[in-house]
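Here are my notes for you, written as a colleague would jot them down. Have the picture open while you read, and click on each residue as it comes up.

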Amino acid sequence: MCGIVGYVGEREALQIILNSLQRIEYRGYDSCGVLVQDSNEMEIHAHKSMKSIAQLKKNLSKSKYSGTVGIGHTRWATHGVPSRRNAHPHFDSDGEIAVVHNGIIENFQELKEGPLCNCIFKSDTDTEVIPHLIHQTLKKSLIKNATLKDAVRECLPHLKGSYALIVAAKGFDGLVVARKDSPLIIGVGDRENFIASDVPAVLDQTNRVIYLEEGDIAVVKKDSIYIENDAAEVKREEILIPWTIEDAEKGGYEHFMLKEIHEEPKAIIDTLRGYLSEDGLNLGLELEVSSILMVACGTSYYSALCGKYIIEHLAKVPVQVELASEFNYSDFVLNNMMVMAITQSGETADTLMALKKAKRFGCKTVAITNVVGSSATRIADDTIYVRAGPEIGVAATKSFIVQLITSYLLGLSLANMPGRELEERIADLKRMPQLAQLVIDGEDANIQKQARYLSEYDNVFFVGRGVNLPIALEGALKLKEISYIHAEGYAAGELKHGPFALLTKDTPVIAILTRDNIYEKTLVNVKEIKARGAPVIAIAETGDDEVEKYVDRVIRVPRTSAIFSPIPNTVALHLLAYWTAKARGCEIDKPRNLAKSVTVE
Ligand code: F6R
């Protein structure tokens, strides 16, 4: 999704802005732009590119602009096609006020035809109404000596929709920023300050971060940060970000995705460490619930589906799972449930809406997220942090695995099981990092071989049953989004109810064959698939020799009790997706048409 950055300080802004933009490239973009206030000419200069930020850097390498205030933007088109004229920043008619914006102004057409009908618009974007509106407000302002901040404050109530925005104005030695339903942070430096839609953009400059809250307006100058909300000054806590820039970089791996899969064991350790101590298991929140509703999108939704099996198995507490985008407009009956929103970024618009809806209905809400201070944490009553560290690859990997870990922790916290059984389960859980590592160390070479084979096909099915059905769905999503192979996940017993019609020798089927209570039934399903001529790759446990009689290829995962098998199975499927995409030469970290954080409905 779009990213915005800003800088005010004593150093040259241009390079800092360009570098910050490069650090949030992972969010996905189709065009980009920067603006610097040239202190020599007292002018503001903007540059836009339809290519990459690297290209924009190259174009500007000989530029003579010298300025210590700058803003930048990566755009992911929502209104108006990707083009230079639609790239940000956007200006008022006099070219004196410039805005970069992340979000959507829903009533932009109304504003264009109403109060702004005399303005000349130079783009098709919704954003452009903002600088015009600020300009008009400044001109009309009844407040004597109205400041840019006053004008921004006066304008914002006229904007319907979501925004994180940075406003620069000719001759003004600072930046005005504001947020509503879109994330925005301020990186605090020494005689300089940074603004960005995401922490990695500023992490090479500072780890001191202020998360702006809903409705905040701030004036950021080189040695001051003034924040107000509802027209009154407010203080926001400065948070020290525990990640280093190395954490957020590739660390020698070719792709963030591979690095992040290799970090799965560590992410599990970090997450467990946060909640399991010698004193036992403590999630830090009150968990007296008779039923749970989980809401999420995409991969996080699959983790919720898996969480349902896990929690119902361990705790016998009923769990319902809804896609956030469906739940928001449904007549779902929320009777006294605890609503848990699972979201890696904590910024997914549909999931945030679902949280708000649950709150309106008086439900207790919990956010399960990876991002400290993200919007979800501010909306929900409580938060459980998964500790995956920064996840840069667009495809979620390590965040998915620790979302699963959270379900085990929830299940065990809610379980009413004898002490000894609980201890055994916790011991199982503590073995998960080791099992994940065993897949990475022991099976990667074989997975690469299977991936080369898979990369030749255009259609693939993934099947699983029980707690591994959501893992089959996750395997299919991961494969399709990064390798562009059409992949579908199914319950193994369902193929015969329709999809069998598609099975041929050219549709490999990846079958998760965990030795659980329905192993024999899944094996029957595999035989049915084989009988239709489709090649089968099994994900099977080490020591299960039986399986080789029925399938064409095998990927081995270490044996564990069935309820915990999603962990090693997931690692194997994440690696399979990665290596298949690699064999097809795909751009793995930034798949086409996708963005890391989906902040629009
Ligand atoms: C797929 C993927 C997406 C996200 C989805 C929700 O690999 O990453 O499907 O899972 O956009 O994002 P979060 O978890 O940030 O709410």
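1. Let's start with who surrounds the ligand. Sorted by class, its shell holds 7 polar, 4 nonpolar and 2 charged residues. Bear in mind as you look that this is a predicted model.

2. Which residues come nearest to the ligand? Of the 13 residues around it, the answer is S300, T343, S345, T348 and E481.

3. Now for the helices. Two of them, helix 9 (298-315) and helix 16 (469-483), each supply at least two residues of the shell around the ligand. Helix 9 gives the most, with 3 residues.

4. A polar backbone atom of A396 is 2.9 Å from an oxygen atom of the ligand. For T299, a polar backbone atom is 3.1 Å from a ligand oxygen, and for V394 the corresponding distance is 3.4 Å. The protein covers 90% of the 410 Å² of accessible area that the ligand has on its own.

5. Where does the ligand sit? The space it takes is the largest pocket.

6. Most peptide bonds are trans, and most residues other than glycine have a negative phi. With that in mind, go to H88 and P89: the peptide bond joining them is cis, with omega at about 5°. You'll find P89 in the loop between strand 4 (69-75) and strand 5 (90-91).

7. D181 is another one to check. Its phi is positive, about 60°, although D181 is not a glycine. This residue is found in the loop between strand 8 (175-180) and strand 9 (185-188). Is D181 buried or partly exposed? It counts as partly exposed, because its relative accessibility is 26% and buried would mean under 20%.

8. A231 isn't a glycine either, yet it has a positive phi of about 65°. Its relative accessible area is 49%, so A231 is partly exposed; to be called exposed, a residue needs over 50%.

Notes:
Residues are numbered from 1 along each chain as its sequence is written. This is a predicted model: local features need pLDDT of at least 70, side-chain atom pairs count only at pLDDT 80 or more; totals for chains, interfaces and linings use all residues. Side-chain values use heavy atoms; hydrogens and water are left out. A residue is near a molecule or strand if one of its heavy atoms lies within 4 Å of it. A polar contact is a pair of N or O atoms within 3.5 Å; within protein, one must be able to donate a hydrogen and the other to accept it, and residues adjacent in sequence count only if both atoms are side-chain atoms. Accessible areas come from the Shrake-Rupley method with a 1.4 Å probe; for residues, only the protein chains shown count as cover. On a 1 Å grid over the protein atoms alone, a cavity is a set of points where a 1.4 Å probe fits but cannot get out, and a pocket is an open set with protein on both sides within 12 Å along at least five of seven lines; lining residues have an atom within 4 Å of a point. A molecule sits in a cavity or pocket if more than half of its atoms lie within 2 Å of its grid points. Helices (H or I, at least four residues) and strands (E, at least two) are DSSP runs, numbered from the N terminus. Ala, Val, Leu, Ile, Met, Phe, Trp, Tyr, Cys and Pro count as nonpolar, Asp, Glu, Lys and Arg as charged, and the others, Gly among them, as polar. Buried means under 20% relative accessible area, exposed over 50%, partly exposed in between (1.4 Å probe, protein chains only).
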